[in-house]
Amino acid sequence: MPETHKMACRQAPVHFHTFWDGSMRPTLLRIATWNMGGGILGESHQRDGIPSLDYYASVLADHRPDVLCLQEAHDYDGRRESQSEYLARRLEYAHSLSFPLSVSHMAKDASLALGILSRFPIAKTVYKRFPRPQLVGTGPRGERWTLHDKGYMVGSIALGDRMLGFVNGHCFPLRRFGASATEPAFAPVWAMLTADLLAVGGTGTAFAALDANHGRIGEVLGDVLGPGHYRSAFEATPTTPGGGQKDHILYGRALRLLSTTVAATESDHSYCQVSVLV
């Protein structure tokens, strides 16, 4: 089994109900994020690999997230069931969405998509596309690369008479193109994301799941971090086999963090989850 690292917040015991029941008692939610790389196990950027969705389903069955945000889930433009739809059906999630972003560099018949699976109704969800820098690079096998479109979905989840805002995003892998996320040229990308994070998190009842392709999240999203806005659930925690952190979960001031889990997997990204009280 993959190694699992759990970091629990040292807070006083609380009593809660697992799901929203219409009362004002706290709700325990397990929120997760996972870049699933087209469902292909092993190293990143494989071409025409065979997806292993049963493996992904088994990991999710072990951790049982209530809300799951996916990046690089394959979507087949309506020709057949998307990977998000498959996992939702297999694991009996009542609600799911898939937003295709761009053609996939891993399969010729697929699009890369953002996905979300939820045990609660999903409402008011829109997709925002980042302005795409005109960069070229070289792939792991010497092939010419151009940046694909990236962006994020903004929406809300209905918890009885309350709404939980969310952002699920995938940011540009700038380092693969010899660039840094902190360069002034990319400030409009982070300003756009910052504006929506602040808008959706105004009440403090919100979270963000991001493959930021950047480890030190405060360097690019510093304006949304702090006691009045969001906190980062895990800092300086490797989320890829190479030891770097790309993946982040931010949580709003009205959410109480109970624990975090960053579990190494057979994928090229760790499975990341938080337990919070809403």
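Which residue forms a salt bridge with Arg 30? In this predicted model, in which residues are numbered from 1 along each chain as its sequence is written, local features need pLDDT of at least 70 and side-chain atom pairs count only at pLDDT 80 or more, while totals for chains, interfaces and linings use all residues. Side-chain values use heavy atoms, with hydrogens and water left out.

The partner of Arg 30 is Asp 66, with the closest N and O atoms 3.6 Å apart; a salt bridge is taken as a side-chain nitrogen of Lys or Arg within 4 Å of a carboxyl oxygen of Asp or Glu. Arg 30 belongs to strand S2 and Asp 66 to the loop between H1 and S3, so that distant parts of the chain, 36 residues apart, are linked; helices (H or I, at least four residues) and strands (E, at least two) are DSSP runs numbered from the N terminus. Arg 30 is buried at 13% relative accessibility, and Asp 66 is buried at 0%, where buried means under 20% relative accessible area, exposed over 50% and partly exposed in between (1.4 Å probe, protein chains only). A salt bridge also joins the side chains of Asp 66 and Arg 119 (4.0 Å, N to O). Arg 119 lies in the loop between strand S5 (111-118) and S6, so this pair ties together parts that are 53 residues apart in sequence. Arg 119 is partly exposed, with a relative accessible area of 30%. Another salt bridge is formed by Glu 81 and Arg 89 (2.8 Å, N to O); Glu 81 is partly exposed at 31%, whereas Arg 89 is exposed at 53%. Through shared partners, salt bridges join Arg 30, Asp 66 and Arg 119 into one network. The structure holds 11 salt bridges.

Helix H1 (residues 53-63) has buried residues that include Leu 53, Tyr 56, Leu 60 and His 63. The buried residues of H1 pack against strands S2 (28-35), S3 (67-75), S14 (256-263) and S15 (271-277) and against helix H2 (83-91), contact being defined as heavy atoms within 4.5 Å. In strand S3, Glu 72 has a phi near 55 degrees, a positive value in a residue other than glycine, and is buried with a relative accessible area of 11%.

An open sheet of mixed pairing is formed by 6 strands in the order S6-S9-S10-S11-S13-S12; two strands pair if DSSP finds at least two bridges between them. Its edge strands, S6 (122-129) and S12 (230-232), each pair on one side only. The twist averages 20 degrees from one strand to the next.

Within this sheet, 6 of the 6 residues of S11 (residues 206-211) are buried, so the strand is largely enclosed by the rest of the structure. Ala 206, Ala 208 and Leu 210 are buried on one side, and Phe 207, Ala 209 and Asp 211 on the other. S10 (residues 162-170) runs parallel to S11 and is joined to it by 6 bridges, with Gly 169 partnered by Leu 210. S13 (residues 247-252) runs antiparallel to S11, with 5 bridges; Ala 208 is partnered by Leu 250 and Leu 210 by His 248. In the loop between S11 and helix H4 (218-221), Asn 213 has a positive phi of about 55 degrees although it is not a glycine, and is buried at 13% relative accessible area.

Methods. Axes are lines fitted to C-alpha atoms, for helices over the stretch in contact, and angles run from 0 to 180 degrees between N-to-C directions.
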